[in-house]
Structure formats: C-alpha cells, structure tokens
Amino acid sequence: MIRGGSSYISSPPAFSNDAKRLLVCTANTVSIFSTSTALQVASLEGHTAAVTSVIVVPGTKVLCYCWTASLDGTIRYWDFSVPELLKTLDVKMPIFSMVIPSIVGQPAESNEKLTDVFAYLSIEDKKVQENRPKAMHGQIRKCNLTASRMVGGLILKETPQPEFITVSSSGKFFGIRNKRKLHVWSVPAIDSGRSLAKKITLHHSKTLSVLAFHPTERIVAAGDVTGRILVWRGFGYRTFSTGDELVNKEEEHPGVRGNDDADSCSTWHWHSAEVKVLSFSSDGAYLYSGGKEGVLVVWQLDTGKKKFLPRIGSPLLCFTDSPDPTLSSISCADNLIHMLEMPSMDILKTISGIKLPHSFPGRYEGLSSGFAFDYTSGLVALRTESYGIQFYSLFDDHGMYEVQVCERNHQPGDEISVVVILVALSQDGSMMSTVEVKLPEEGIGGLVCLKFWALGSENKKFTLSTVIYEPHRDAGISAVAFHPTRHMAVSSSYGGDFKVWVCNDEIHQKGQTLQNSGWACLAVGAYKKKPMTAAAFSLDGSVLAVAAETVITLWDPDKNVLLAVIGETFSPIVTLSFAGKSEYLVSVSRDPKPQLSVWNMSKLSLSWSYRLHIEAVACAVDLLSFAVLALLPESSMCTESNESMSQGRDGAILLFNVMDPVPVASWSVRKAKGGGLSFLQGNPSFLEENISDGNAPKELLVYVNGDHEYVLFDPYSNEANEVSMARRKGLVELEETGQVGYASIYGELPEFKRNQTSLVPSVPSERPWETIFSGSSHNLPPLTKLCAAFLESLMEKRTAAVE
Amino acid sequence: MAEPNSTFKPIKPKLKPKPRTPKQTPESKYWSSFKTHQIPDLISSITSLTFSPSPPHPFAATHSTSLKIFNPQTLSPSSTISSFSDVVSSASFRSDGLLIAASDLSGLIQVFDVKTRTPLRKLRSHTRPVRFLKYPLHDKLHLVSGGDDAVVKYWDVASETPLLELLGHKDYVRCGDFSPVSHEMCVTGSYDHTVKLWDVRVTGSKTVMEVNHGKPVESVVFLPSGGLVATAGGNSVRIWDFIGGGKMVYSMESHTKTVTSVCVGRVGKENVEEGREHRVLSVGLDGYMKVFDYGRMKVTHSMRFPAPLMSIGFSPDCGVRVIGSSNGVMYVGKRKMKEENVESSLRSFWSLGVEQERRVMRPSYFRYFHRGQGEKPKEGDYLVMGPKKVKLAEHDKLLKKFRHKEALVSVLGNKNPENVVAVMEELVARRKLLKCVENLDNEELGSLLMFLQKYSTVPRFSGLLMGLTKKVLEMRVEDIRASEALKGQIRNLKRSVEEEIRIQHSLQELQGIISPLLRIAGRG
C-alpha cells in the first residue's frame with residue numbers, strides 16, 4: 001500500500017540549522033526535503049493525526065533536533081538526521097499551534113543546561129460545552145517540555161477558534177490575532193512554571209489576519225482582511241517594563257487606537273485582498289508581505305518603499321526564513337513550496353505537491369473526470385487552477401511536470417472565467433486531450449476549446465498538436481474518450497451530437513520532411529437530437545458506446561453506423577465504461593435517481609443494477625472486474641456513526657465481478673466526494689521489491705479522495721488493508737550528486753568488470769563496527785549516537801556467534 | 001517540476017486553420033527564389049534564348065533582326081549584334097563560349113566572335129529560313145542547322161561547307177538538340193510531327209530512330225542522362241526513352257495552349273539528393289512556365305506570366321532563368337548565389353585580417369578592455385542562450401497594468417482585427433469588457449463602432465462581435481442619439497448587417513435546394 005498526495009502547505013515548514021533541509025508537515029508525518037534538489041530525503045512518522053507545528057531546535061549546523069505538535073494531542077521530539085523519535089509528550093488535546101520562545105532566542109546550550117523548556121500551545125478544548133452561546137474553543141496554554149507536563153490551570157487566553165501563535169525571532173514576545181485585536185505576550189526572562197507572561201492588546205478596526213514580530217526592535221506588524229498592513233512601533237514599553245500603568249496620551253502616539261501600549265502605528269496599503277503572509281527579514285530591514293494576489297511584496301521598513309516578486313501563480317500562504325540568509329521559502333496555495341534565493345528573489349527550486357482541489361463555477365462542479373490516469377506509467381493528470389494539467393507520479397509521490405493548457409496570465413484573486421473542464425489520456429499515455437471553457441461575460445464571449453496533445457518522444461512532455469475552437473458549436477463537451485489502440489478519439493456534447501476525431505500522421509517522404517500531423521473530424525453522429533452525456537470505446541476498439549441521456553447508443557466508430565440502442569435508465573447517464581474485455585458495459589447515472597447499471601452487450605439488456613450514488617468507476621483492463629467509488633447515503637451514515645471506526649467515512653469502494661452483483665471486496669473510505677478511482681498497471685520496478693510476497697499484483701487500484709490524497713493497493717490480495725508494500729523508491733540523497741572533477745569534464749569512466757567468478761561476497765552487515773567510524777569526522781553523526789550503534793552491533797555479533 | 005509563471009504572457013489571437021497540404025514545398029520555394037526582373041522594350045518576340053557554356057554564363061537573346069548578349073550579373077546587354085538582313089531565328093554558343101552562331105530567316109548562318117562582334121564565317125546553303133542551329137557539346141568545329149526547307153545540315157564551320165545533308169523530314173524543321181554524351185548524335189523536331197535521331201557517322205542520311213509526337217514539334221531537348229528526350233508540341237510535353245527503343249515515358253499535358261519551348265533546369269543540390277535534381281522547364285502560349293520532375297512524373301511548380309511565352313533558357317550554374325515573351329519582354333529570374341556569398345565573406349575575412357594586423361590592441365586603449373565582446377559565434381560553438389525577452393505590444397503593456405480601457409482603445413487604433421478580438425476576449429475573461437464599453441468617450445466609441453461595422457459580420461469574429469454590438473447599442477443608446485457622427489456609424493452598421501442577412505438568406509435557399517439532393521444521393 002502506498003499513500004501519498006498529502007498537502008505540504010497545511011502548516012508552515014521549517015528549515016534545518018544548515019538550511020539544507022526543509023521540514024514540511026504532510027498530514028500525519030513530517031517530510032524532510034532537500035533544499036538543493038527539492039526531493040524528499042526522509043520522513044518522521046509516528047503522529048496519528050495531522051502535524052500542525054514543527055520547530056527545529058536552533059544551534060550549530062550539525063544539531064538535528066526538532067519538536068513537532070499534532071492534532072492527536074502529542075508533542076514529539078525527534079532527531080531528524082537519523083530519523084528517530086526521542087521523546088513523546090501527551091497533552092491530550094489537539095494542538096493547533098506551538099511555539100517554544102525560550103529555545104528560539106538562545107543558542108542550544110540552554111538545552112543542555114537542563115533549564116525547563118516551556119512551550120506555548122494553542123489547543124482546542126473539546127470539553128467546552130456547545131450550549132454556551134459564545135463557546136471558546138481555542139485556548140493558549142503553557143507546557144513544560146522538560147518535565148513533560150502542562151502547567152496546570154494556566155490559560156493565557158481563550159479564543160473562539162484555536163489561533164496560530166506567532167513568536168518573535170528573539171524569543172521575547174509571542175502573540176496571536178483575535179478578531180480585531182492583537183494579543184502580545186512578553187516571555188519572562190527566566191521562565192518557570194509559575195511566572196506569568198504579561199499581555200498587551202492592540203486594537204484595529206478591521207479583522208486582523210496575520211502578525212509578525214521584528215527580530216530586534218519592538219515592532220509588530222499585522223495584516224488585515226482588507227489588505228492593509230499596520231506597523232506598531234515601540235509596543236509594550238509601559239506594560240512590559242513597569243507594570244499596569246495606564247496613561248492615555250493619544251496625541252503622543254500617532255495612529256494608535258485608544259490606550260493601546262505602543263508609540264506609533266503606521267498603515268501601508270498595497271494588497272487588494274487579505275494579507276496572508278507577513279514576515280520580517282532576519283536583519284529587520286525589510287518586511288515581506290503576500291496574499292491572495294500571489295505577489296510577494298518587500299517593504300523597506302524605514303521608507304515604506306516596495307519591491308515585488310510578481311506572478312507566483314497562486315495565493316501565498318507562508319513565508320519562512322532559513323538560517324542561511326540567502327535562502328527562504330514561500331508556500332503557495334496550490335501545494336507548492338518555492339525556494340527563493342533571497343536578495344534577488346529568484347525561484348531556485350520548487351517542491352511541488354499534488355494540486356489541491358479547487359472549486360469550479362456552476363455547472364462544471366460535479367464533472368466526474370477530474371482526474372485522468374495513465375494506466376502504464378502510474379501518473380495522474382489533475383487540472384490546476386492556473387489553466388494547466390499537473391502530472392503527478394503516484395508511485396514516487398512527487399509532481400512530474402505541468403502542462404499549460406491555456407496561455408493566460410493567472411491572477412489568483414480574479415473571478416474564475418476560464419476553466420479546464422476535462423482531461424483525458426489515451427491508454428498508453430501518449431495522447432492527451434483537454435477541454436477548456438471560457439465563461440461568457442453577460443452572454444458574450446464564451447468559448448469551448450478542445451485541444452489534442454501528443455507526448456514528445458525525447459523529453460516525455462506533452463506538446464500541443466491541434467486546437468479546435470467550438471468543436472460542437474457553442475455546446476459544452478460532456479466527455480472525451482480515446483480509442484484504445486488507434487489514433488482516434490470521440491467527443492460527445494450536450495448539444496446533441498458526438499464527433500469522432502482521427503489523427504492523420506502524414507509523414508512525407510524524405511524529400512519533404514514537412515510533418516503535418518493533426519486531428520481532424522472523421523464523423524459526426526447524433527441520436528434523436530438528445531444530449532450526449534458520456535462516451536467510451538470498448539477495449540478492442542470495435543464498438544463505441546455513447547450515452548444519449550438515458551439510453552446507450554452503440555456505434556461502429558469506423559463506418560459511423562448505429563449498431564444498437566440499449567436502455568433506458570431513470571436519469572441521464574454520466575459515465576460509461578466497458579468492463580475489461582468482457583461483453584459488459586457499466587453505466588452510472590446520478591441525480592435525481594442515482595443508479596449503477598451493468599449491461600450485457602450480447603443480449604443488449606440490463607444485467608443488474610444498484611441504486612447507488614457512484615462517484616467514480618474504474619474497470620480493470622484484463623480481468624472481468626470493476627471497482628466503483630460509492631457515496632454512502634445519509635441514512636446509513638447515521639446508523640454507522642456510533643461506531644468509532646467509521647468516523648468521517650462517507651464512501652466505499654466496491655469491487656465487483658461483472659457477472660455477479662455481490663461485491664467481491666469492499667473498503668470504506670473518507671472524503672469520497674470528488675474522489676477518483678482507477679486501475680493501474682503494477683509497475684515492474686515496483687514489483688521487484690515485492691517479489692517475496694509471492695504472487696505480485698498485476699494491477700493496482702488507486703483511490704484519490706476529495707482532498708487529493710491517494711492510496712494505492714492491490715485489490716485482489718486478501719489482506720489488502722494490511723499488506724504493506726515498501727516504497728518503490730529509496731529516499732534520494734540529500735545533496736545533488738553533480739559530477740565533479742574528472743567526471744565533469746570527461747564523463748563517467750566505464751566500469752571495468754573484474755573476473756566475476758572470483759568474486760567474494762562481501763558481508764558488510766556482519767561487521768558494522770568496522771564501518772561505523774569510517775568517514776570524515778564532520779559527516780559522522782553525534783558521538784552518543786555512534787556509541788549506541790557501535791555497542792549494539794557488537795552485541796548482535798555475540799548472539800550470532802552463539803548460534 | 002513546475003515552472004513559475006514569472007513572465008507576463010502577451011495575449012495571442014486565435015489560431016487560424018492550417019491548410020491540409022503545405023502551401024510551399026521546398027521545391028516551389030526554390031523556384032520562387034528566382035527574383036524576377038523584367039527586361040522590356042526588345043522589339044517583337046524573343047525567338048530563342050541561349051546560355052554560354054563557360055562561366056560567368058552570359059546569355060544571348062534573339063529578337064527581330066538583332067542578337068543581344070546579356071551579362072548575367074547586371075542583366076544589362078553587354079553587346080548587340082545587328083548585322084542581319086532578316087529576323088534572327090536562333091543562336092548557339094560554341095562549347096568554349098568564344099564564338100556564337102546565329103541564323104536568320106533569310107537562310108544565312110553567321111558565326112561571330114563574342115567579344116569583337118565581328119562576323120567570322122557566313123554559312124550559306126539553306127534556301128529557306130533557318131529555324132534552328134546548334135553547336136555540339138564538345139566539338140568546336142561543327143554545327144547542325146535546320147529550316148523550312150526540311151533539310152538538316154551538318155556543317156564544317158571552318159570551311160563554311162555543309163558536310164552532310166540529312167534528309168527525311170517532310171515538313172519544316174523547327175528545332176533540334178545535340179546529345180549531351182556524344183557530339184555525333186543529334187535530334188531534330190519538325191512540323192511533320194516526328195522527332196528524328198541522327199548520327200553524323202551514318203552516311204546516306206538515314207535516321208537512327210524516329211518517334212511521332214502527334215503534334216507539330218516546337219521544341220526538343222536531350223535530358224542530361226543522354227537517353228531521354230523531351231519534346232514539346234501542341235499542349236503536351238512528352239518524354240521519350242531513346243535507349244529503350246524510342247517509347248514514350250510520359251506525356252505531360254498541363255499546358256492549355258501550345259508549348260513553345262522546353263529546356264533543362266536544375267534544382268540546387270541542397271534540396272534534392274544526387275541524380276534527382278534535373279527538371280524539364282516548359283513555357284507555352286498560355287503564359288505558364290511549368291516545372292516538371294521527370295523522375296517522379298509530377299509537375300512540381302507552375303508560374304504565370306502576363307504574356308504568351310516563346311522561349312526559355314536556364315543557366316548551367318542555376319543562377320539565372322530567362323523567359324522570353326511574344327511581345328518583346330524578357331522575364332529574367334535571378335537567384336542569389338551561395339558561391340558569391342562565400343567569396344565575399346572570404347574576402348571580408350581576409351580584409352578583416354589585414355585590419356587586425358594594422359591595429360594591434362594595447363592595454364593603453366580603452367577598447368582593449370572591451371575586446372572580444374562583439375565576437376560572433378563560430379559554427380561549432382555551443383551557444384548559451386540568454387532568456388528570451390518577450391516583446392510586449394502597447395495593449396499588452398496596458399493589460400499588464402490593468403488599464404483595460406486604454407488597452408482596448410490602443411488596440412482599436414492599430415487596425416489588426418485579430419488582435420482587437422484577442423484583447424476583447426481577454427477582457428471578457430477578466431470580466432471587464434462591458435465596463436470598458438461603458439467608459440469609452442464618444443470618439444473612442446466611434447472607433448469601436450467603426451470596427452464593429454467592419455468586422456462583426458466576418459464569420460471568424462461574429463460569435464463575439466454580434467453579441468458585443470448588441471450590448472454596445474443597448475448600453476450607449478443615449479450617447480449615440482446625441483451625436484450625429486455616431487448615428488452615421490450606426491446606419492453603416494445596419495447596412496452591413498442587413499447585407500449579411502441577405503447573404504445568409506440566399507445561402508439558406510441554396511442549402512434548401514442541395515440538401516434533398518444529398519439525401520437522395522445518400523439513400524442511393
């Protein structure tokens with residue numbers, strides 16, 4: 001079983017001390033990426049719910065310790081170089097945010113001196129009764145990490161929702177935003193369990209969204225929902241120094257509201273929408289801000305002058321500084337983390353996660369073909385918000401590349417007016433077709449555009465082959481399907497016709513090398529002027545099935561002759577699929593009367609059907625089985641809801657044999673709405689590692705849920721839920737292994753193989769004590785770790801000898 | 001990995017459909033690369049054109065009672081020979097290009113020195129007009145001529161005597177050619193429809209071979225292999241295989257009037273593989289020049305001229321193609337020669353070297369520190385390309401700054417309907433088009449209306465523009481009523497729309513007539 005596709009942007013990431021690694025919260029794990037290659041090098045697994053905070057303990061470059069907090073109510077302490085879990089604290093309440101001011105400010109030796117380390121947590125108190133009109137769910141609490149306990153009864157602040165805590169890089173202050181107020185606490189110099197942090201509150205007239213502290217001075221900046229940035233200078237001199245001395249001197253504090261404790265407050269306004277990102281540079285000279293527009297703005301703090309990094313492509317969510325002043329990262333809403341080279345703001349590398357689902361306007365909402373799967377290479381093609389298609393490798397769990405379908409500038413803040421509504425891949429993955437729709441403005445300027453793409457032979461990327469404007473006049477396209485073997489495709493439209501397209505690969509003789517390959521319409525068909533709602537080719541390509549609302553019409557794709565009509569269902573069919581090589585056809589219809597039907601093509605009649613709301617259908621290529629993703633009806637949800645197991649599970653994957661209406665297997669899943677399902681060819685290299693399991697799976701089933709997290713499993717193995725398949729890919733090296741020295745000039749030397757017969761099998765694993773201490777000293781793990789491993793290896797040897 | 005979209009993408013107009021067949025083959029590109037110059041004001045029709053076999057291949061044109069020799073570089077007449085008593089019918093250079101022989105309709109053949117223009121020999125024997133004469137390829141001593149007396153004569157030029165009188169033609173002999181592989185074989189074509197192959201070694205004036213073209217033969221030419229002969233007569237050009245016993249290989253019938261002349265052309269080596277580069281060029285009274293690829297039996301290029309064409313010549317170095325018309329205009333196609341470029345670049349290279357020698361850079365010059373910056377890459381060098389700068393048009397710059405109305409106005413100003421529609425589509429995508437229309441002042445509205453009047457009925461744009469026109473009229477009705485100029489625009493707009501409606505009606509009528517026929521045909 002392979003899981004993947006998690007969001008990289010749920011929480012801010014953190015850089016390691018040498019700025020060579022980036023720790024990213026990915027669902028229940030923390031993934032560690034190399035900043036030079038943007039590939040994953042390790043992961044910290046252990047949390048049972050989403051990880052919300054990751055804090056790297058600062059110090060010298062070799063120190064690789066971090067704290068993580070999660071919604072499962074635990075705080076864990078890791079050595080992420082190994083990686084290994086060192087310590088676990090259970091606070092029993094979901095933690096939304098955690099800061100540890102005392103370790104941020106001072107270098108690491110405070111860690112060694114065994115002074116208590118205190119963390120401030122933002123937690124959700126579930127015990128708060130719902131019946132109170134203004135339930136305060138969020139609490140800010142303090143926790144003694146050294147003693148592994150909460151500081152009893154100390155609740156710094158209660159908020160309606162758990163808030164994100166921001167800490168200053170000096171570790172002296174931390175704060176939260178709370179509606180139109182800003183709460184700032186000063187951390188006591190010598191922190192102990194009893195000492196109470198002092199609090200001031202700063203007010204604003206709009207709801208605040210984000211705040212940031214100046215690294216050295218007493219400056220706090222906050223962004224609000226209207227796009228303004230407020231900078232309070234000299235906050236808290238009165239409160240934090242002398243105590244509760246309330247003097248109202250409005251005229252001395254320009255811009256400061258009421259009797260807030262600040263010297264001055266200035267406002268900057270450039271953003272047109274909510275400010276999401278706010279961060280001071282490490283030297284405190286600049287302020288970075290960003291928001292929905294996808295533009296990173298750099299403010300010179302003294303003058304207010306601006307510099308921009310425009311067209312990042314999606315709303316910014318988070319800006320993280322690294323210990324290396326030339327490197328920082330920004331997280332974007334489309335699941336990308338860009339590494340920025342700092343003063344020039346060039347994007348060095350991009351960690352690209354799976355594209356997150358985005359909303360489609362109006363009638364394009366519920367279209368089933370949100371995903372297209374490449375059967376052979378295990379890729380999924382997803383539509384992106386910026387009019388593109390992302391290819392994501394399911395086996396490797398990283399983004400391969402993106403294809404820009406529509407050459408337009410994407411402005412994240414704008415109303416959506418151009419949508420890629422369909423994407424289809426041919427079975428061998430060499431052809432792609434996309435449909436994009438330009439929505440009209442008050443009835444004018446709408447456009448449907450069908451595009452065919454061909455996979456380049458050398459760079460393995462799709463290039464545009466043919467553009468067809470308004471393929472079915474102004475009617476929308478309901479489905480595109482490729483012929484399984486030939487260069488043929490069909491598009492069906494709501495306007496009542498379908499068109500068969502063929503690709504004419506005219507490669508002329510050698511004299512005229514002009515290659516004129518393009519897709520052209522071969523045939524047009526219609527059935528009683530009914531809207532055509534779905535289309536599919538049979539596996540051998542001899543039959544084309546097109547759904548005309550409630551009936552299914554079968555055509556000969558070559559001669560364009562209507563062969564038969566079968567039907568009908570109660571409501572329009574939305575998906576058609578041939579079940580493998582069999583003579584069965586699976587159809588799905590949705591509202592108002594959802595139905596899953598299996599039709600027998602030889603008898604031209606209904607074989608069996610269910611009344612189920614089906615989200616997706618996947619048919620195995622070789623076998624007679626197919627899988628459906630069914631949404632559980634509301635009623636059954638209620639009956640099962642008392643079981644703790646089915647919490648949040650709103651769908652089920654059912655595996656059927658076409659002959660038999662009783663499912664062969666079933667799995668219940670979460671977030672099935674908007675999910676996808678497909679069979680994939682078991683990757684040969686993937687199989688190699690599982691050869692020990694005996695019969696290697698021929699086909700794998702992939703399920704992508706509504707949040708685009710996915711799981712790959714073998715549907716035919718009996719203990720499919722338990723079977724654990726090792727990751728295909730070994731985690732890649734941390735550093736980019738560029739060729740150096742001789743190899744960079746002359747290339748790699750060919751390997752001269754010695755006489756193979758005299759090869760003595762070397763057994764390095766049996767004598768680890770010889771290799772543990774080899775290598776240059778700066779590469780070695782800490783001595784304490786080495787000693788443990790060394791002793792352990794010796795012990796292993798002893799037992800082996802006894803046997 | 002995802003590329004950040006850090007550059008602004010300019011708007012692009014919609015693509016136009018591509019023709020299924022490519023518009024230009026490499027070969028037609030080659031033939032169009034001959035840049036046509038006109039040499040007018042030659043009196044009467046140009047009866048023959050011939051190229052000198054020696055470089056730089058000057059060519060001679062005969063017209064009226066004179067013979068003009070042209071320089072192929074400047075295309076200006078280098079010398080004129082006019083010592084003829086009658087219309088000059090044919091001319092031929094000797095194989096070394098030093099002498100030229102010309103015949104006239106009085107039956108006299110004269111041999112001139114090309115440089116001095118002095119007549120060296122006068123060959124008198126033909127009693128009727130001489131129509132053709134030809135020097136053999138390597139033989140400097142003999143030539144062959146033929147004329148209206150139906151006799152073909154083989155001359156010894158030095159002694160001014162006909163060595164052989166080849167009898168056999170029953171009508172005027174109009175044309176002939178020597179074999180490119182042997183200086184003893186020649187073909188002649190006559191108005192008796194036959195083409196005869198003669199061997200001067202055979203005595204007794206017997207033809208070696210004879211083929212029947214079927215029409216009076218106007219022109220005949222040996223193809224470079226020496227085995228094939230192309231003949232022109234009537235509307236057809238025929239290729240004969242003489243080695244294979246004189247059978248017809250192909251008959252090209254794409255001229256619509258009489259073909260007057262054929263010659264052998266060559267496609268430059270860079271386009272076609274070895275041995276396939278020769279073409280038959282033919283001209284006819286229909287004003288067409290056709291290029292016929294006799295390897296693939298296909299007409300590969302065709303070119304139209306505004307007058308009936310009488311003669312054609314093609315220079316041996318593929319640099320010049322001359323066509324003579326019946327009204328005294330010569331169409332000279334000249335190609336830029338690669339060799340020239342090489343030579344000139346070589347020269348410039350040498351001159352550069354000389355210059356460098358003269359001025360040795362010393363660190364005392366300021367320019368010393370900038371030396372080598374303007375260095376051009378050599379052929380084998382690996383080029384590291386800098387990022388390409390996207391050139392933005394005025395409307396793109398305005399769109400980038402979100403100044404939507406200005407962008408619309410600016411693109412309306414520069415008369416490219418595709419760009420205007422592309423900007424409008426972009427504005428629709430940004431949901432700003434109607435707001436722009438609302439904010440246009442009267443003058444700008446006028447230009448918009450003018451655009452709409454011009455293009456709203458064009459099928460490619462009408463989908464968007466019809467809807468927009470309606471909206472514009474709805475929104476700006478008050479302003480239009482107030483202004484006389486705008487009212488005039490609206491009247492024009494109305495007229496063009498009405499015309500379009502009329503066209504659509506008549507087209508629908510046509511469809512109504514045709515569709516039952518199609519239905520019946522489909523049933524049958």
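**A buried tyrosine, and onwards**

Modeller: Start with A:Tyr387. A:Tyr387 has a relative accessible area of 7%, so it counts as buried. Keep in mind that this is a predicted model.

Biologist: Where is A:Tyr387 found?

Modeller: In chain A, in the loop between β31 (379-383) and β32 (388-393).

Biologist: What about the phi of A:Tyr387?

Modeller: Phi is positive there, about 55°, although A:Tyr387 is not a glycine. Most residues other than glycine have a negative phi.

Biologist: And A:Lys528, what is its phi near?

Modeller: Near 50°, again a positive value in a residue other than glycine. A:Lys528 belongs to the loop between β42 (515-525) and β43 (532-537) of chain A.

Biologist: Is A:Lys528 buried or exposed?

Modeller: Exposed. The cut-off is over 50%, and A:Lys528 has a relative accessible area of 63%.

Biologist: Switching to chain B. In what order do the four strands of the open sheet run?

Modeller: β2-β3-β4-β5, with antiparallel pairing. β2 (46-51) and β5 (77-81) of chain B stand at the edges; each has a single partner strand, so one side of each lacks a neighbour in the sheet. From one strand to the next, the twist averages 20°.

Biologist: How many bridges pair β2(B) and β3 of chain B?

Modeller: Five, in the antiparallel sense, with β3 covering residues 59-63. B:Ser48 stands opposite B:Thr62 in β3(B).

Biologist: What sits in the loop between β2 and β3 of chain B?

Modeller: B:Pro56 is found there. A cis peptide bond joins B:Pro55 and B:Pro56, with omega about 5°. Most peptide bonds are trans.

Biologist: Now helices. Which helix holds B:Asn419?

Modeller: Helix α5 of chain B, residues 417-429. B:Asn419 has 19% relative accessibility, so it counts as buried. The limit for that is under 20%.

Biologist: What is B:Asn419 in contact with, leaving aside its neighbours within four places in sequence?

Modeller: B:Ile11, B:Pro13, B:His395 and B:Val411.

Biologist: Last topic. Which residues form the nonpolar patch on the surface?

Modeller: B:Ile503, B:Leu507, B:Leu510, B:Ile513, B:Ile514, B:Leu517 and B:Leu518. Together they have about 670 Å² of accessible area.

Biologist: Take B:Leu507. Which helix does it lie in?

Modeller: B:Leu507 lies in helix α10 of chain B, residues 484-523. Its relative accessibility is 44%, so B:Leu507 counts as partly exposed.

Key:
Residues numbered from 1 in each chain as written. Chains lettered and ligands numbered in written order. Predicted model: local features only at pLDDT ≥ 70, side-chain atom pairs only at ≥ 80, totals over all residues. Heavy atoms only, no water. Pairing = 2+ DSSP bridges. Helix = DSSP H or I, 4+ residues; strand = E, 2+ residues; numbered from the N terminus. Axes fitted to C-alpha atoms, helices over the stretch in contact; angles between N-to-C directions. Patch = residues over 30% accessible without salt bridge, like charges linked within 9 Å, V, L, I, M, F, W, Y side chains within 5 Å. Areas by Shrake-Rupley, 256 points an atom, 1.4 Å probe, with all protein chains shown as cover. Salt bridge = Lys/Arg side-chain N within 4 Å of Asp/Glu carboxyl O. Buried < 20%, exposed > 50% of the residue type's maximum accessible area, 1.4 Å probe, protein only. Contact = heavy atoms within 4.5 Å.
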